[in-house]
Amino acid sequence: MYIERTLPFNVWVCFITSVASVQSKDNTYIDLSHPQSPTTIYWPGQPRFNRTVVAKGSNENNVWIEVGAYNSGEHGGTHMDAPRHFYPTGFDLKDLPLERTIADGVMIDVRSEAEANIDYQLTVEKLLAWEENHGRLPPRAAVVVNNGWTSRWPDPLSFFGTKNGNNYTSFHFPIVSIEAAEWLLQNRDLKILALDVPSPDGATDDTFPVHQLLLSRNIIIVENVMVPNTLPARGFRFHAAPIRIEGGTGVQTRVYAILNDASSCANEIPPTFLLLLFLAAAAVFNYRRLAV
């Protein structure tokens, strides 16, 4: 059809999504965060989450007051890696620009590959195959890699793919190949990488190639994301809101997706198309007015 030849598939998907979102008063919110608790999984050596009650009860005016205190390692649970984690002059959490934590989201489903091979690596070929089915990745996207690891939470041995949770050299979980990371960076201008596993790099690779590649360019990484079955392949806005910690290299993060968010398609619809659409709507309106 002429329509299909004039504009890419993903532009039409975004246009239809945008129109639908205008018709709907409510967006759909999907939580992508595991809760913080004593069972939260941490990388070995990181202080675990602990919360204590400081005050709890009614005061002399019969007003209920409850206050707690908590401590935690930076890199555990659903958390963000700030650029400072591997790049000495990169943004820490205090200086990380807020706009770097929000992006148009896509979900790359590699559950079948990860189930067949616990050491699976996301490939360029898989990304190209995804685009064949769902359209070109939006520019400056948040790429969420779904390995099916959410079902393994909060069992640390299952999540780390090991029989010894204290020995990271025995860990096995799916990762992102350096070739795929480079391709996303160079060809699709990646903004955020999010995964449902402990790291985009293999546990025994002390060079941390994907961490170094992305964080040195101030691209954030979000690890241990919870990916429910309701998260679509595209058409959502990805949010990862960290607290501002001076010198912080990582922090537990409330990650979520907003579906039917018209702004998630703003970068994909060409301005000329929007202008033509406006002119066409105006012409139809004038025609109907004259007909009356």
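Seven salt bridges are counted in this predicted model. Side chains of opposite charge can pair when their charged atoms come close. The protein has 292 residues, of which 45% are buried, and it contains eight helices and 13 strands.

**Salt bridges**

- Arg188 and Glu131 form a salt bridge in which the closest N and O atoms are 2.8 Å apart.
- Arg140 and Asp189 form another salt bridge, with 3.8 Å between the closest N and O atoms.

**Helix 4**

- Helix 4 covers residues 124–134, and its buried residues are Val124, Leu127, Trp130 and Glu131. Viewed down the helix axis, these buried residues fall within an arc of 115°, so they line one face of the helix.
- An α-helix has 3.6 residues a turn, so residues three or four places apart point the same way.
- The other side of helix 4 carries the exposed residues Glu125, Glu132 and Asn133.
- The buried residues of helix 4 are covered by elements including strand 5 (102–109), strand 6 (121–122), helix 6 (178–188) and strand 11 (234–241).
- Gly135 follows helix 4 and has a positive phi, near 95°.

**Helix 6 and helix 7**

- The buried residues of helix 6 include Ala180, Ala181, Trp183, Leu184, Leu185 and Arg188. The buried residues of this helix pack against strand 6, helix 4, strand 7 (141–146), strand 8 (175–176) and helix 7.
- Asp189 follows helix 6, and its phi is positive, near 55°.
- Val210 belongs to helix 7 (residues 209–215). With a relative accessibility of 1%, Val210 counts as buried.
- Val210 and Ala181 are 29 residues apart along the chain, and their C-alpha atoms are separated by 6.6 Å.
- Leaving aside residues up to four places away in sequence, Val210 touches Val176, Ser177, Ile178, Ala181, Leu193, Pro200, Asp201 and Ile221.

**Aromatic pairs**

- The count of aromatic pairs comes to eight. The ring centres of Trp153 and Phe159 are 5.1 Å apart and their planes stand at 85°, so this pair is edge-to-face. Both Trp153 and Phe159 are buried.
- Phe159 and Phe160 form an edge-to-face pair, with 6.2 Å from centre to centre and 70° between the planes. Phe159 is buried at 0% relative accessibility, and Phe160 is buried at 3%.
- Trp43, Trp153, Phe159, Phe160, Tyr168 and Phe171 are linked by ring pairs into a cluster.
- Phe171 is placed in the loop between helix 5 (156–160) and strand 8. Its relative accessible area is 5%, so Phe171 is buried.
- The C-alpha atoms of Phe171 and Phe159 are 8.9 Å apart, and the two residues are separated by 12 residues along the chain.
- Not counting residues up to four places away in sequence, Phe171 touches Trp43, Pro44, Phe160, Gly161, Thr162, Asn164, Gly165 and Ala203.

**Surface and overall contacts**

- Val54, Val63, Ile65 and Val67 form a nonpolar patch on the surface, and together they have about 310 Å² of accessible area. Ile65, in strand 3 (residues 64–71), is partly exposed, with a relative accessible area of 39%.
- The accessible surface of the protein is about 15,500 Å², and carbon and sulfur atoms account for 56% of this.
- Of the contacts between residues at least 6 apart in sequence, 75% join residues at least 24 apart.

Technical notes:
Residues are numbered from 1 along each chain as its sequence is written. This is a predicted model: local features need pLDDT of at least 70, side-chain atom pairs count only at pLDDT 80 or more; totals for chains, interfaces and linings use all residues. Side-chain values use heavy atoms; hydrogens and water are left out. Patches are made of residues with over 30% relative accessible area and no salt bridge: like charges are joined within 9 Å, nonpolar side chains (Val, Leu, Ile, Met, Phe, Trp, Tyr) within 5 Å. Accessible areas come from the Shrake-Rupley method with a 1.4 Å probe; for residues, only the protein chains shown count as cover. A salt bridge is a side-chain nitrogen of Lys or Arg within 4 Å of a carboxyl oxygen of Asp or Glu. Helices (H or I, at least four residues) and strands (E, at least two) are DSSP runs, numbered from the N terminus. Buried means under 20% relative accessible area, exposed over 50%, partly exposed in between (1.4 Å probe, protein chains only). The arc is that of the directions from the helix axis to the C-beta atoms. Contact means heavy atoms within 4.5 Å. Rings of Phe, Tyr and Trp (its six-membered ring) pair if their centres lie within 6.5 Å; planes under 30 degrees apart count as stacked, over 60 as edge-to-face and the rest as tilted.
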